[in-house]
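Me: I would like to go through the charged side-chain contacts of this protein one at a time, with the reasoning spelled out.

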Amino acid sequence: MTQILNVEGASKSFGGVVANEDISIKVNQGEIVGLIGPNGSGKTTLFNSIVGTHIIDGGTILFEENDITNFTIPSIARLGLLRTFQKTKIYGDINCMKNMRISIPHEEENILTMFSKIPPEEDRRAEDLLKFVGLYEKRFLRAGELSFGQQKLLEFAMALMNKPKMLLLDEPTAGINPTLINSLIERLKTANKEFGITLLVIEHNMRVIMNLAERIYCLAHGKLLAEGSPADIRNNSKVIDAYLGAQ
Ligand code: ADP
Ligand code: MG
């Protein structure tokens, strides 16, 4: 098994709040790994540290053979490591196709001239990915008019435009209806199996994460509490006390 992400002893504090303390996690190429834990346990902070939103206080982060510790967000994205957000980051005032076009990495700074320079094959890829997430019919609708669940599917498709090697998904199913949850799970599995994208997923919905992940890490109070298969995690007394018991 080839390792794709290796976080070694990552620590991050905000003033007096220790959000992450000496956290080590590893993800292998092609895996789907879950990250769970109570609210405030440091999950989003860990994502932010991995993708370059935060400067970490200690530890190292390797992506493939690259030491990306405290690299910038764009330089990490260029290596093929991207994230999506707990609350989506789409552009509500423009249509879905334009959102897809904006998500392609560009040298071009000026957003007005940028649209005219997009090669037709990129537009076809955008259409194919919108079909993949079930939003093709809505491609000329303003993204702000989509339901929250559809916006999350759009954000997922926008991330796929970048041909990532690995995606970090922050609560992808939060706030979306059960039908869309099932279709999102299927699409995540397809992205993993057919496009070969490694996934690290923060998720509160236990049914979803037990069904999706091959391995799960559990955080509590900014520290790593447990790691194991879904069955191990479900039966781990520390995890039950800190998290599952409260579900
Ligand atoms: P989770 O995603 O598991 O709910 P977070 O990583 O968002 O947890 O938060 C962990 C802790 O760090 C919380 O106490 C939170 O208030 C704090 N925290 C997170 N981000 C910031 C920030 N930018 N500034 C100050 N405190 C933060
Ligand atoms: Mg969070």
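Me: How many salt bridges does a search of the whole structure find?
Reply: A contact is counted here when a side-chain nitrogen of Lys or Arg lies within 4 Å of a carboxyl oxygen of Asp or Glu. With the whole structure searched in this predicted model, the number of salt bridges found is 9.

Me: How many residues apart in sequence are the parts that Arg 142 and Asp 93 tie together?
Reply: The side chains of Arg 142 and Asp 93 form a salt bridge, with 3.3 Å from N to O. Arg 142 belongs to the loop between helix H5 (120–132) and helix H6 (148–161), while Asp 93 belongs to the loop between strand S6 (81–84) and helix H3 (96–102), so the parts tied together are apart in sequence by 49 residues.

Me: Is Asp 93 buried or exposed?
Reply: The cut-off for exposed is a relative accessible area over 50%. Asp 93 has a relative accessible area of 67%, and therefore counts as exposed.

Me: Which residue meets Arg 142 in a salt bridge of 3.1 Å, N to O?
Reply: Arg 142 is partly exposed, at 36% relative accessibility. The partner is also partly exposed, at 47% relative accessibility, and the residue whose side chain meets that of Arg 142 at 3.1 Å is Glu 145.

Terms used
Residues are numbered from 1 along each chain as its sequence is written. Chains are lettered from A and ligands numbered from 1 in the order in which they are written. This is a predicted model: local features need pLDDT of at least 70, side-chain atom pairs count only at pLDDT 80 or more; totals for chains, interfaces and linings use all residues. Side-chain values use heavy atoms; hydrogens and water are left out. Helices (H or I, at least four residues) and strands (E, at least two) are DSSP runs, numbered from the N terminus. Buried means under 20% relative accessible area, exposed over 50%, partly exposed in between (1.4 Å probe, protein chains only).
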